[in-house]
Amino acid sequence: MIRLEHVTKKYDQRGRPSVDDLTLHVAEGTTMALIGPSGSGKTTVLRMINRLIEPSSGVIIVDGKEIANVDPVILRRHIGYVIQNVGLFPHLTVDENIAAVPRLLGWDEGKIRQRTEELLHLVGLDAAQIARRYPKHLSGGQRQRIGVARALAADPPILLMDEPFGAIDPIARGRIQNEFKEILAHVRKTVVIVTHDIDEALKLGDTIALMRDGQVIQHDTPNVILQQPADTFVTDFIGADHALRRLELFTVSEVMMLGEIGNAIATISRDATLHQALSKMIALKIDRVMVTDASHVAIGTITRDAILAI
C-alpha cells in the first residue's frame, strides 16, 4: 500500500540528510510503527507520505500511484491524519469537525450524519451527549478520540498518526491504545504510526521500523526485533528487559493447557498477557494459575515453565 524507494530528504544541501536513501514498504491492512530517537527522521517520513514535505530524491508510491503525480489536496483527502495535539477546529462542534472532509468530498447531509454517529460509537463516545460540544469542553482523551474519528470520517484506506497519544496521561493512554486496536480489528486500514514509546510500538505495530540518522536500522515484527535485535543500538533502544517485553506479545490462551484444571490457587483471564500471568505467579510465589473464560468459568491452567519456554 505504501512504498518508499531510495527516498532522501535534505533541508540543507551541505548538511546531513534528515532521511537518507530510505527504502521502506508497508503492506496493505497492516500497522507499521516508526520509532527512533529525536532527529531520526521518522516524522519527516510521515509528512512526505502525504506531501506536507517533498522528498529531495526518490519515489513514494501510495496505493499504486506515484504521489509526485497526484494533486496533494486530493491525496490528503484520502489519507487520514492524526497528530499529537489533535488539531481540532476550535470554532466547530464535534460533529462539524468529523464532517469536515466528507463535506469537502460532497457527501449529502444524511450520509454525513449517519457516518458521524457511527464513528462516535466506534471510538466509544455517546453522540447524543458530545456531538454538539466544542473542543474546549472536552477532556484530552475525548479530543484524541475525536481526532481518530475525524481521520476515519471519509473511510480512507490509509491512516497516518504522529505521536497520537503522547499528550495523554499514562492510564488513559493505555486504555485508548487498547480501544484503537479494537477499532483496527473492525476497520481494515493501512496505518503508519510515529512514536517514541517502545511499549506503544510493540502493542500497536504489526511491524516496527526502528530509525537512526535518517535510516532504518531494523524493520521486522515485534517478536523478531525483541528476539533478534540487529545491533547494539537496537538492543539498547528496546531496553535490557526485552525478554519481559516480549511476553506482552502473547496471551494466556496461546500457551494454556485446556481442560487441565488442577489445584491452582489463583485465576487469570485467557485474554491476559503472559507478562501479566508471570507477574501474578511471582507476586503469589506460585508456579501455576487457573485460566478462566469471559464468564469466569475455569477452562485450563498455565504454568511458569510454559511461559518461560516461549
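This is a predicted model: local features need pLDDT of at least 70, side-chain atom pairs count only at pLDDT 80 or more; totals for chains, interfaces and linings use all residues.

Reader: What is the phi of Asp63, and how should I read it?

Author: The general idea comes first: most residues other than glycine have a negative phi. Asp63 is not a glycine, yet its phi is positive, at about 55°. Its relative accessibility is 45%, so Asp63 counts as partly exposed.

Reader: Which value does phi take in Arg51?

Author: In Arg51, also a residue other than glycine, phi is positive and near 60°. Look for Arg51 in the loop between helix 1 (42–49) and strand 4 (57–62).

Reader: Is Arg51 buried or exposed?

Author: Arg51 has a relative accessible area of 14%, and the cut-off for buried is under 20%, so Arg51 is buried.

Reader: Now to the rings. How many aromatic pairs does the structure hold?

Author: There are two aromatic pairs. In general, a pair of aromatic rings is described by the distance of the centres and the angle of the planes.

Reader: Why is the pair of Phe165 and Phe180 called edge-to-face?

Author: The ring centres of Phe165 and Phe180 are 6.0 Å apart and their planes stand at 65°; an angle over 60 counts as edge-to-face, so this pair gets that name. The pair links distant parts of the chain, 15 residues apart: Phe165 is in the loop between strand 7 (158–162) and helix 7, while Phe180 is in helix 7. Both Phe165 and Phe180 are buried.

Reader: And why is the pair of Phe233 and Phe237 tilted?

Author: Here the centres of the Phe233 and Phe237 rings are 6.0 Å apart, but the planes are at 40°, so the pair is tilted. Phe233 and Phe237 are four residues apart in helix 10 (residues 232–238), and therefore separated by about one helical turn. Phe233 counts as buried because its relative accessibility is 16%, whereas Phe237, with a relative accessible area of 23%, is partly exposed.

Reader: What sits over the ring of Phe233?

Author: The charged end of Arg212 does, 4.5 Å from the ring centre.

Reader: What does the lining of the second largest pocket look like?

Author: That pocket has about 470 Å³ of space. Of its 21 lining residues, Arg76, Ile79, Tyr81, Val101 and Arg150 lie nearest the centre. Helix 2 (72–77), strand 6 (79–83), helix 3 (94–104) and helix 6 (140–152) each give two or more residues to the lining. Strand 6 has the largest share, five residues. This lining divides into 15 nonpolar, three polar and three charged residues.

Methods: Residues are numbered from 1 along each chain as its sequence is written. Side-chain values use heavy atoms; hydrogens and water are left out. On a 1 Å grid over the protein atoms alone, a cavity is a set of points where a 1.4 Å probe fits but cannot get out, and a pocket is an open set with protein on both sides within 12 Å along at least five of seven lines; lining residues have an atom within 4 Å of a point. Grid points are joined across faces, edges and corners, and a volume is the space filled by probe spheres set on the points. Ala, Val, Leu, Ile, Met, Phe, Trp, Tyr, Cys and Pro count as nonpolar, Asp, Glu, Lys and Arg as charged, and the others, Gly among them, as polar. Rings of Phe, Tyr and Trp (its six-membered ring) pair if their centres lie within 6.5 Å; planes under 30 degrees apart count as stacked, over 60 as edge-to-face and the rest as tilted. Buried means under 20% relative accessible area, exposed over 50%, partly exposed in between (1.4 Å probe, protein chains only). A charge sits over a ring if NZ of Lys or CZ of Arg is within 6 Å of the ring centre and within 35 degrees of the ring normal.
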